[in-house]
Amino acid sequence: MSASIARATVRAVSRRKILPTRAALTLTPSAVNKVKQLLQNKPDYIGLKVGVRTRGCNGLTYTLNYTKEKDKSDEEVLQDDVRVFIEKKAQLTLLGTEMDFVESKLSSEFVFNNPNIKGTCGCGESFNI
């Protein structure tokens with residue numbers, strides 16, 4: 001028998017609103033279409049993997065890679081038949097983020113609208129939390 005470290009008490013709380021859970025990552029229709037297009041001619045890959053790594057002048061940057069399998073620690077986001085996997089290291093960083101795909105005359109890129117970011121660098125490539 002193990003020794004007790006502390007006591008726990010249970011209390012019923014009335015009139016407390018239940019907060020809805022936030023999605024790990026949501027994709028805009030533009031992002032869904034682009035991911036489908038990218039995976040269309042790659043039957044070996046099951047989706048995209050989103051991660052973060054230390055880089056840039058402000059700390060972190062996003063990574064996007066094709067993936068052939070889901071790692072056991074990956075968070076899977078399934079939206080409109082598109083599978084996006086979030087690496088373990090990036091899960092708390094991306095919580096509540098919207099992934100969009102934006103095209104202009106000069107560039108086309110995935111844009112992450114992340115409510116958790118505290119600051120970004122001037123070029124917009126790296127961020128900190």
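This is a predicted model: local features need pLDDT of at least 70, side-chain atom pairs count only at pLDDT 80 or more; totals for chains, interfaces and linings use all residues.
Two aromatic pairs are present in the structure. One of them joins Tyr45 to Tyr66, with 5.3 Å from centre to centre and an angle of 40° between the planes, a tilted arrangement. This pair connects distant parts of the chain, the two residues being 21 residues apart. Tyr45 lies in the loop between helix 1 (29–39) and strand 2 (47–54), whereas Tyr66 belongs to strand 3 (residues 60–67). Tyr66 is also partly exposed, with a relative accessible area of 34%.

The rings of Phe101 and Phe110 also form a pair, with centres 5.1 Å apart. Their planes meet at 65°, so this pair is edge-to-face, because an angle over 60 degrees is assigned to that class.

Strand pairing was examined for strands 6 and 7. Strand 6 covers residues 97–103 and strand 7 covers residues 108–113. The two strands run antiparallel and are paired through six bridges. Together, strand 6 and strand 7 make a hairpin, with four residues between them. Within this pairing, Val102 has Glu109 of strand 7 as its bridge partner.

Definitions and conventions: Residues are numbered from 1 along each chain as its sequence is written. Side-chain values use heavy atoms; hydrogens and water are left out. Two strands pair if DSSP finds at least two bridges between them. Rings of Phe, Tyr and Trp (its six-membered ring) pair if their centres lie within 6.5 Å; planes under 30 degrees apart count as stacked, over 60 as edge-to-face and the rest as tilted. Buried means under 20% relative accessible area, exposed over 50%, partly exposed in between (1.4 Å probe, protein chains only).
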